[in-house]
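This report describes selected features of a predicted model. The sequence and structure come next.

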Amino acid sequence: MSGAALMLVFCLLAYAHCQAKPFKQSSFFDLVGEDGGSGVEPIEEKSHRPRYFCPPKCICQRNVVQCSNLGLTRIPTYILPDTSVLDLQNNKIREIKERDLKNLKNLLILIIVNNRLRRIHPKAFAPLQNLKRLYLSKNLLKVVPDNMPKSLNELHICDNKIKYVKKEPFLGMSKMLALEFSRNPMTGEGIEKGAFKGLKMLSYLRITETGLTQIPKDLPRSLTEIHLDRNKIVKVDMNDFKNLHNLLKLQQDQIFLQIKTLSHMPMLQDLHLDNNKLFSIPPGLPQHKNIMALYLNDNHIAHVRENDFCPTKEDSLKTPYSRISLYGNPIPYWEIEPGIFYCAVDWIFIQLERPT
């Protein structure tokens, strides 16, 4: 290279150096062409936790969620997990799916009355470890749900399409206190023998207005109140109740009832045998210590004899009658001696004429 050419190169380098800006350390943001911040659009961090809320149009107050009369066709999602009462009555819900109740471990009362419920998934109630009361009346269920929570105290399943009750749904339900099956189209026996036997704490049983033709067998000894009226039971022997020593109230009508003794129900307080086919006063009443209310109206009783109700001698251990109802029987009431009811609280509690 000639001397003139070499001199030109040095002049160009010197000019470039004079025009350059002071050095500045480049950062990652400089390299991607951004002045601070990320080189890509910010990504919002997604949480995997579901967002719980009060379902639309429902009323939520404290731990009660009321979603009744809304025309719902399914159970709302993401209900507040601290809910203790869930009211879904008067809707159009057809099914309870496996995960519909998945987060409601604190639920105590579930009300799904008057819907169109046909199916309940076998695992639907699994999360409800503390459920106490279950109301499923006025639906289209054909069977009692399987795998109900063992914590359950009350089951109300009236007005459905249940024709036969098996024992399996009640296995292990030792905390059940009250059970209602009224107005289901049960036929014949209708209830498997021993279906309720394992309900060691069952106190209240109501099975009325069904097609039952006989008393359920092996009823639990814990029962204190039974309602079996307006069924199609045509004959009952009191031995059907022989183990129910704690029974306080028995209500049964429209049957032919054979009563030999009441001694195996020593705690009985209310005896409702109205509208049956009794031809005489049940024996054993004078010796029974605790019966206070006796309803025998609308039978075929033609005579009332001395000592039918009260012991021969005054017994201080016998509880006085607070009600005796005899109307609707062919009894010549004008022949009844006042002393026949001496063990009643007062004559005003003796009902001989049909109320108007």
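The loop between strand E2 (64-66) and strand E3 (85-87) contains Tyr78. Tyr78 has a relative accessibility of 37%. Because buried means under 20% and exposed over 50%, Tyr78 is classed as partly exposed.

Together with Tyr52 and Phe53, Tyr78 makes up a nonpolar patch on the surface. The accessible area of these residues together is about 260 Å².

## Asn160 in a buried loop position

Asn160 belongs to the loop between strand E8 (154-156) and strand E9 (178-180). Its relative accessible area is 4%, so Asn160 counts as buried.

The side chain of Asn160 makes polar contacts with backbone atoms. One of its polar atoms is 3.1 Å from the backbone oxygen of Leu136, and the side chain also reaches the backbone nitrogen of Asn139, at 3.4 Å. With residues up to four places away in sequence left out, Asn160 touches Leu136, Ser137, Lys138, Asn139, Leu140 and Leu141, as well as Arg183, Asn184 and Pro185.

## The nonpolar core

In soluble globular proteins, nonpolar side chains tend to be buried together. In this model the largest nonpolar core comprises 82 residues. Leu110, Leu155, Phe170, Phe181, Phe196 and Phe309 have the most contacts inside this core.

Which residues does Phe196 contact, leaving aside its neighbours within four places in sequence? They are Val165, Phe170, Leu179, Phe181, Ile191, Leu205, Ile207, Asp218, Leu219 and Pro220.

Key: Residues numbered from 1 in each chain as written. Predicted model: local features only at pLDDT ≥ 70, side-chain atom pairs only at ≥ 80, totals over all residues. Heavy atoms only, no water. Core = buried A, V, L, I, M, F, W, Y, C linked by side-chain atoms within 4.5 Å. Buried < 20%, exposed > 50% of the residue type's maximum accessible area, 1.4 Å probe, protein only. Contact = heavy atoms within 4.5 Å. Patch = residues over 30% accessible without salt bridge, like charges linked within 9 Å, V, L, I, M, F, W, Y side chains within 5 Å. Areas by Shrake-Rupley, 256 points an atom, 1.4 Å probe, with all protein chains shown as cover. Salt bridge = Lys/Arg side-chain N within 4 Å of Asp/Glu carboxyl O. Helix = DSSP H or I, 4+ residues; strand = E, 2+ residues; numbered from the N terminus. Polar contact = N/O pair within 3.5 Å; in protein donor to acceptor, adjacent residues only side chain to side chain.
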